[in-house]
Amino acid sequence: MVMYMLIIENLKVKVEDKDILKRVNLKVGDGELHVIMGPNGSGKSTLALTIAGHPKYNIVEGRMIFEGEDITSLKPEERAKRGIFISFQHPVEIEGVKILLFLQRVLKNLKGIDEVKAYELIFGAIKELGIDESMLQRQLNVGFSGGERKKLEMLQAYLVKPKLLILDEPDSGVDVDSLKVIAGIINRLHKKGTSILLITHYGRILEYLKPQVVHVIKEGKLVASGGIELVNLIEERGFSALEEVVS
Amino acid sequence: MTTKLEDILKAGSLEEILGTALPYPKEIELKGKITKDVVKELSKIKNEPEWMLRHRLKSLELFEKLPMPRWIVGIEELDLENLVLYSKPEVGEVRGWDDLPESIRRIYERLSIPEIEKKFLSGLTAVFDSESVYSNLKREFEEKGIIMLPMEEAVRKYPDLVKKYFGKIFPAGEHKFSALHHALWSGGVFVYVPKNVKITFPIEAFFVIGSAMEGQFEHTLLVADENSYIHFIEGCSAPMYKGFSFHDGMVEIYAHKNAIVKFTTIQNWSRNVINFNNKRAIVEENAYVEWIEGSIGSKITYTYPSSVLKGEGARTTQYVVSLSNGPYLKDTGAKTFHLAPNTSSKIVSKSISANGGINIYRGLVRVIKGAKNSTSTVSCDSLILDEKSKAYTYPHNQSDEPSANLIHEATTGKLSQDKLFYLSSRGIREEEAKSLIVLGFISEILEGLPFEYVEVLKRVIELEFSEVGGVG
């Protein structure tokens, strides 16, 4: 029997009266890496943010099961404590909040790790991942470039070591060098057993990753699921090629 | 039972720390219509010299003549004639904290004032209602010629020194409440720092209003002689009681040539206090005055620390932090007068409005003709945490000097759902997220404060936004 980390059943999501997700079904097995691809406005980010519990996304129907527990109505912080971690496409700036102190707080809240231990873990991770130490004294995302923001998201994920990591376009707005660093961290986490749901528009990060399953989302529906060959198809012929596959 | 700093940091709410007002013995109370006789009586109780009585009577005359400022709200709720105008708690001769009656001592202990004094301060004055009940300057500083005394004692002991400055920096006739203050002033502290003396640790004054329907009119006068340094910290608190009390305090600062004065106020009156402040500094050649005006508590607060840059190269920084959490009003700001060449000022105002709170910034930067190459930067940032709360900004810049450079920036930020969601996705609950965002918003100002005060302040703000503390 396959153990599922995440099961999404018949998920219908509205944002201000607009239907965004229309009956999405998805199963992510323990330790699997799934990729969701799709054109702009297809509902990719909505799916990611709905799983994480953003209050803006209104679930009209369906449910989400995480490790056998229905999390559909749980608060975001409760989902995070159970092991769901989202790396944002556009991480917000929070003025005056030093990153080191923020990371210590995150580790305390999510993992119950005390400040001293957290301090060691943070400096260890920074070294291991080759991230510039001076980042820790800066304010949360304030004045950060796209690449820096994404790296900070990945550093957090690496420290938290979640059960399920949702990556919302980790490759957008990022140069090649940063992309390699980010893909490297994803691979490390995957190897350590984290299940991953990776959302991407471009697919260029997939050069460095080995996903088990690739899904394609269009107009709020998953229209195709398959192996890495789907990525090649889309790269060669664009998302319109899928209509032929589906029909 | 002494409260440790640690206990304050662990307490569930502010009420838990201070509790409700308890009765304590009073020796004298003056109340009723504010008349010449009341003022004379007050002066007699204080055994004042004739010049101070004359000063009070002249101020009373001004109080009667001056109109009520039209922009004031909330004062009408307070019937001045029903207030206790002077309240002297019954304390004998006090040499140490142990000599204070327990009911009074306990209030200071709950705020861990004696502990803070021991560890971090050069000197401390504690004012309870209308009188300084405790005043102590560590001996090493006394030996350097520093004077720190209850204001009344200074009037008697150093009349010439006091007379030179008292009421000269912030005159009685400015407005109705400064006149009232000068007529009824009582309590407060006088500090004189001699030439070239630098006080390494801060001096603190801590003010408590012990009961309802009282007026507190304390007067603080701080004179920093040439090339001296002092950091003065002012804390204000009050237990909860029914009815209101009125605070109409005054701070006068004179910074002589090359002196550095830092003046920090952390006001955390209970929500029964209507707080009116009069604060002004005169800054001589190449001297520097820094105000940090932190307003957290009170029902209504009016405060606008002012710097008069009188000498060439004089500088000032005014940090104004105001938190209105709940149905309260903070009308705050800063004023700077550039009267000499090459003077510079920086005003940073940060206001936070939550749960229906209102913040108003009122500022003035005035550059007179001839104050060549003077510069001023004003930045006013407002953070509004919900739809019910409001912030208004009324800056006023007036320059008659073409070579002066004035910059003004204002921002209004709302707490966005995306910021809250980001933090909640990291396991940080809404209340914790709010205090984190608020502390981040004022971090620039917190950096200038001693560590111990930052810790207490952080805790106070966390309590404000926790479910049990503040208005919740």
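**Note on helix packing, the chain contact and local features**

1. Helix H11 of chain B passes helix H12 of chain B in a right-handed crossing. A crossing counts as right-handed if the near helix is turned clockwise from the far one by less than a right angle, and as left-handed if anticlockwise. Helices (H or I, at least four residues) and strands (E, at least two) are DSSP runs numbered from the N terminus.

2. This is a predicted model, in which local features need pLDDT of at least 70 and side-chain atom pairs count only at pLDDT 80 or more, while totals for chains, interfaces and linings use all residues. Residues are numbered from 1 along each chain as its sequence is written, and chains are lettered from A and ligands numbered from 1 in the order in which they are written.

3. The axes of H11(B) and H12(B) are 9 Å apart and the packing angle is about 115 degrees. H11(B) is therefore roughly perpendicular to H12(B). Axes here are lines fitted to C-alpha atoms, for helices over the stretch in contact, with angles from 0 to 180 degrees between N-to-C directions. Angles under 35 degrees count as roughly parallel, over 145 as roughly antiparallel, 65 to 115 as roughly perpendicular and the rest as oblique.

4. H11(B) contributes B:Lys419, B:Leu420, B:Leu423 and B:Ser424 to this contact, and H12(B) contributes B:Glu430, B:Ala433, B:Leu436 and B:Ile437. By class, the contact residues are 5 nonpolar, 1 polar and 2 charged. Two residues are in contact if their C-beta atoms, placed from the backbone, lie within 7 Å. Ala, Val, Leu, Ile, Met, Phe, Trp, Tyr, Cys and Pro count as nonpolar, Asp, Glu, Lys and Arg as charged, and the others, Gly among them, as polar.

5. The contact between the chains involves 21 residues of chain A and 17 residues of chain B. On the chain B side, H11 (417–424) and H12 (430–441) each supply at least two residues. H11(B) gives the most, 6 residues. That side of chain B is made up of 7 nonpolar, 6 polar and 4 charged residues.

6. B:Phe421 sits in helix H11 of chain B. B:Phe421 is buried, with 21 other C-beta atoms within 10 Å. Buried means 20 or more other C-beta atoms within 10 Å of the residue's own, exposed 12 or fewer, and partly exposed in between, with C-beta atoms placed from the backbone. Apart from neighbours within four places in sequence, B:Phe421 is in contact with A:His54, A:Pro55 and A:Pro76.

7. Chain B is assigned domain 1 (5–303) and domain 2 (417–472), with bounds from an automatic or database domain assignment. The centres of the two domains, taken over C-alpha atoms, are separated by 29 Å.

8. Helix H10 (residues 176–184) of chain B is mostly covered, with 9 of its 9 residues buried. The cover over the buried residues of H10(B) includes helices H3 (36–45) and H4 (50–65) and strands S2 (84–89), S8 (215–216), S11 (245–255) and S13 (273–283) of chain B.

9. Two loop residues deserve a check of phi. A:Glu67 is not a glycine but has a positive phi of about 45 degrees; A:Glu67 lies between strands S4 (58–66) and S5 (69–70) of chain A. B:Asn227, also a residue other than glycine, has a positive phi near 60 degrees and lies in the loop between strands S9 (219–224) and S10 (229–237) of chain B. A:Glu67 is partly exposed, with 17 other C-beta atoms within 10 Å, and B:Asn227 counts as partly exposed with 18 C-beta neighbours inside 10 Å.
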